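Hi there,

Here is the structure I promised to hand over. Please have a look at it first, and then read on for what was found.

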Amino acid sequence: MAIRPILIAGDPRLTTPAVPVTVFDDELRSFVDDLYETNTAAHGAGLAANQVGDPRAVFVFDLVDDGRRHRGHVINPTLETSALPETMPDPDDLEGCLSVPGERYPTGRAHWARVTGLDSAGEPISVEGTGYLARCLQHETDHLTGRLYLDRLIGRNHRAGRKMIKIRGWSVPGNTWLPGTDHDPFGW
């Protein structure tokens with residue numbers, strides 16, 4: 001297993017839709033292990049393959065919601081949700097992203113989500129949840145469609161996100177951070 005560098009917003013690999021996985025072998029299982037290890041080192045709730053520069057449609061998640069740990073991975077995910085909010089999110093409804101290190105913005109998400117797909121052995125899998133788990137499933141599936149959570153921001157939050165990208169110089173490819181080695185941008 002290996003901890004991989006995480007791409008930062010501005011890299012075109014983060015906005016390129018993932019390609020479906022067709023080969024389920026030891027290399028894929030090893031890659032999933034790397035995603036878990038990288039996510040753990042980064043203190044993340046989830047991590048998608050394109051966040052480490054891999055184009056495959058794979059994500060992992062590992063989080064605690066309502067006192068229960070949820071850990072798993074989904075390959076070639078398909079997302080279903082309850083209705084998405086259409087109003088400005090609560091200012092305390094913050095979301096962050098390992099590819100937008102150190103930043104958090106109010107982001108509206110559906111309260112319920114279900115992702116179906118495959119596990120690393122090619123077997124069908126379904127993960128369903130509400131609250132934080134639902135947010136994570138939506139967030140990671142968005143990554144695999146080439147969408148960052150910043151793209152979901154509205155109003156003043158959208159403007160603040162765009163300004164932050166410009167100030168940080170994240171409008172160019174190639175910026176990364178290495179969990180466990182570089183300064184932890186979220187201060188965990």
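This is a predicted model: local features need pLDDT of at least 70, side-chain atom pairs count only at pLDDT 80 or more; totals for chains, interfaces and linings use all residues.

Residues are numbered from 1 along each chain as its sequence is written, and side-chain values use heavy atoms, with hydrogens and water left out.

**The sheet**

Helices (H or I, at least four residues) and strands (E, at least two) are DSSP runs, numbered from the N terminus. Two strands pair if DSSP finds at least two bridges between them. In general, strands of a sheet pair through backbone hydrogen bonds, either parallel or antiparallel.

Here, five strands make an open sheet in the order 2-3-4-7-8, and the pairing is antiparallel. Strand 2 (46-48) and strand 8 (124-130) are at the edges; each has a single partner strand, so one side of each has no neighbour in the sheet. From one strand to the next, the twist averages 35 degrees (axes are lines fitted to C-alpha atoms, for helices over the stretch in contact, and angles run from 0 to 180 degrees between N-to-C directions).

Working across the sheet, strand 2 is joined to strand 3 by three bridges, with Ala-48 partnered by Phe-59 in strand 3. Eight bridges link strand 3 and strand 4, and Val-60 has His-73 in strand 4 as its bridge partner. These two strands form a hairpin with two residues between them, where Asp-66 in the turn has a positive phi of about 55 degrees. Strand 7 (residues 112-118) is joined to strand 8 by seven bridges, and Leu-118 stands opposite Pro-124.

Is strand 3 largely enclosed or open? Seven of its eight residues are buried (under 20% relative accessible area, with exposed over 50% and partly exposed in between, using a 1.4 Å probe and protein chains only), so strand 3 is largely enclosed by the rest of the structure.

**The helices**

Helix 2 (residues 131-144) lies across strands 2, 3, 4, 7 and 8, and runs at about 165 degrees to strand 3.

**A loop residue**

Thr-16 sits in the loop between strand 1 (6-7) and helix 1. Its relative accessibility is 42%, so Thr-16 counts as partly exposed. Thr-16 and Asn-50 are 34 residues apart in sequence, yet 8.2 Å apart in space, C-alpha to C-alpha.

Happy exploring!

Key: Contact means heavy atoms within 4.5 Å.
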